[in-house]
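Student: Please walk me through this model. I want to know how to read its features.

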Amino acid sequence: KSDRFLLRPDLLSAEGTSVKVYIEDDSIYHPKVSMRYLAENKTLRITRYDEGLGQTSFRDSYHNMDMLFQTLEWKMDESMMNLGNLNMGSESPVFFESQNYFRENRFSQLRGLDNKNPLYRLKAMTEAYKKRVFTDAEVAQFMRMDERNAHIFMMQFSVLGFVDYNYDKREGRILDKVFEYINNAADKRDYDVIQFVSNLTTGNNATLSLLDYSMEINGIERIALSDSQQVALYPKDQQIKVYKDLNFDFDGKITAGRFSYWGNKFGFKYDEFRINMENVDSMRFKVESFDKNALGQRELVDVKTVLQELTGELLIDEANNKSGKKSYSEYPKFISTRPSYIYYDKKQIFNSVYPRETFYVTLEPFEIDSLDNISTQGLKFDGTFTSAGIFPDLNEAIKVQPDYSLGFTDDTPEAGLAAYGK
């Protein structure tokens, strides 16, 4: 949408135009960009300005993200759009941020040198006039400033996503984000801390599929899902695929408290605040030492044994506590839904004399609460020891041993155990 378009046989362009890319009933929107369509190669390019309202993030209501990048390009013969910065050999980060993202320091920074956070004044203005749309003159009158400063004020808060400002009409609509931020700061509303930072020197930071509307984002080193529960992701190849409502898939590593998981086919479900873990190659973890150090503290020690071939889910926190403001000590929680295994075929174990096909422990499905503070003594797995026919299969409780491996100790019956089938 623009006041003026330049139309030639080879070119369609507009400056200072608003743009909306429809995705089903949702859209990607920006209030002020440059648009160029080149007929020769059927390419549409949308470029965000670096000043004024151009600094506003793209608002994506389909994936529930605010996105801060420079260009969106679509070659109309292709079924994808490319999003990103002009990566010309140096890193320039692109930010993809949950529309429920909130940090207390960001809220505090809005105040600047003012005695009161300006969001409270925007809220008071909507309550006093019982409406959401205001002209610069009305803002100036209520906030006791001249119209020029009122214009600057509304422009600034439009760039920050709190106001939808119409530059030509000199009026702005107060958005829900104002009230959400105030409620977040007062602990009256849940929020999240989910942000994807894409750093690339070349290539596209993200691609949007026009077939299923998934968005593949590249260059992501780490994702923090919960500060309070210490849950973070490290995507393999620094890549994730985002779907509607901020659900996303990835391969790679998950850390949750003292536990780490490596694998693929991981699926984050935003509303439920959990991760489906279809294929976990391995699970490693730390426990508190049995003995205290010189300062009377129990240090964290790596358990030597690795659990392998797991399937399950990681419950990060209560679904309505993504902010972690309330304390639920049982989270994060891992639920194993299928048998998993311990193998002894590493070279350092008697030169790999025990092949995994015949010598292993099968662990029954299990559940571990409080992954960030579980006690060493409280960690136990129900398992079956299969010893390549040396002994009959033994059902045992698998625990952390004094050497920090997983194993078991048991007394043999008076009649002894059959060995090698005899």
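Tutor: Two ground rules come before that. This is a predicted model, where local features need pLDDT of at least 70, side-chain atom pairs count only at pLDDT 80 or more, and totals for chains, interfaces and linings use all residues. Residues are numbered from 1 along each chain as its sequence is written, and side-chain values use heavy atoms, with hydrogens and water left out.

Student: How many helices and strands does the protein chain have?

Tutor: Helices (H or I, at least four residues) and strands (E, at least two) are DSSP runs, numbered from the N terminus. The protein chain has five helices and 30 strands. Its radius of gyration is 28 Å, well over the 22 Å that the globule rule gives for 422 residues, so the chain is more spread out than a compact globule. That radius is taken over C-alpha atoms, and the rule is 2.2 Å times the number of residues to the power 0.38. Along its principal axes, the C-alpha trace spans about 95 × 55 × 40 Å.

Student: What percentage of the residues in the protein chain is buried?

Tutor: Buried means under 20% relative accessible area, exposed over 50%, and partly exposed in between (1.4 Å probe, protein chains only). Buried residues make up 45% of the 422 residues.

Student: Which residues of the largest nonpolar core touch the most other members?

Tutor: Nonpolar side chains tend to be buried together in soluble globular proteins. A nonpolar core here is a set of buried Ala, Val, Leu, Ile, Met, Phe, Trp, Tyr and Cys residues joined through side-chain atoms within 4.5 Å. The largest has 72 residues, and F196 and I275 touch the most other members. Strand β21 (residues 274–288) gives the most to this core, with six residues. A second, separate core of 25 residues includes L53, L122, A150 and Y165.

Student: What does F196 touch?

Tutor: Contact means heavy atoms within 4.5 Å. Leaving out residues up to four places away in sequence, the partners of F196 include M65, F95, I217, I240 and F248.

Student: Now a helix. Which residues of α5 are buried?

Tutor: An α-helix has 3.6 residues a turn, so residues three or four places apart point the same way. In α5 (residues 176–185), the buried ones are K177, V178, F179, Y181, I182 and N184. Their cover includes β6 (65–68), α1 (104–109), α2 (118–129) and β12 (171–174). After α5 comes D187, with a positive phi near 60°.

Student: Where do R170 and Y213 lie?

Tutor: Both are loop cases with positive phi.
R170 sits between β11 (163–166) and β12. Its phi is near 55°, and R170 is not glycine. At 32% relative accessibility, R170 is partly exposed.
Y213 sits between β14 (206–209) and β15 (215–218). Its phi is near 65°. Y213 is partly exposed too, at 22% relative accessible area.

Student: Which peptide bond is cis?

Tutor: Look at the bond from Y331 to P332, with omega near -5°. P332 lies in the loop between β23 (307–315) and β24 (333–336).

Student: What does A39 touch?

Tutor: A39 touches P9 and D10, not counting residues up to four places away in sequence. A39 and L11 are 28 residues apart in sequence, yet 6.0 Å apart in space, C-alpha to C-alpha. A39 lies in the loop between β3 (26–38) and β4 (43–48).
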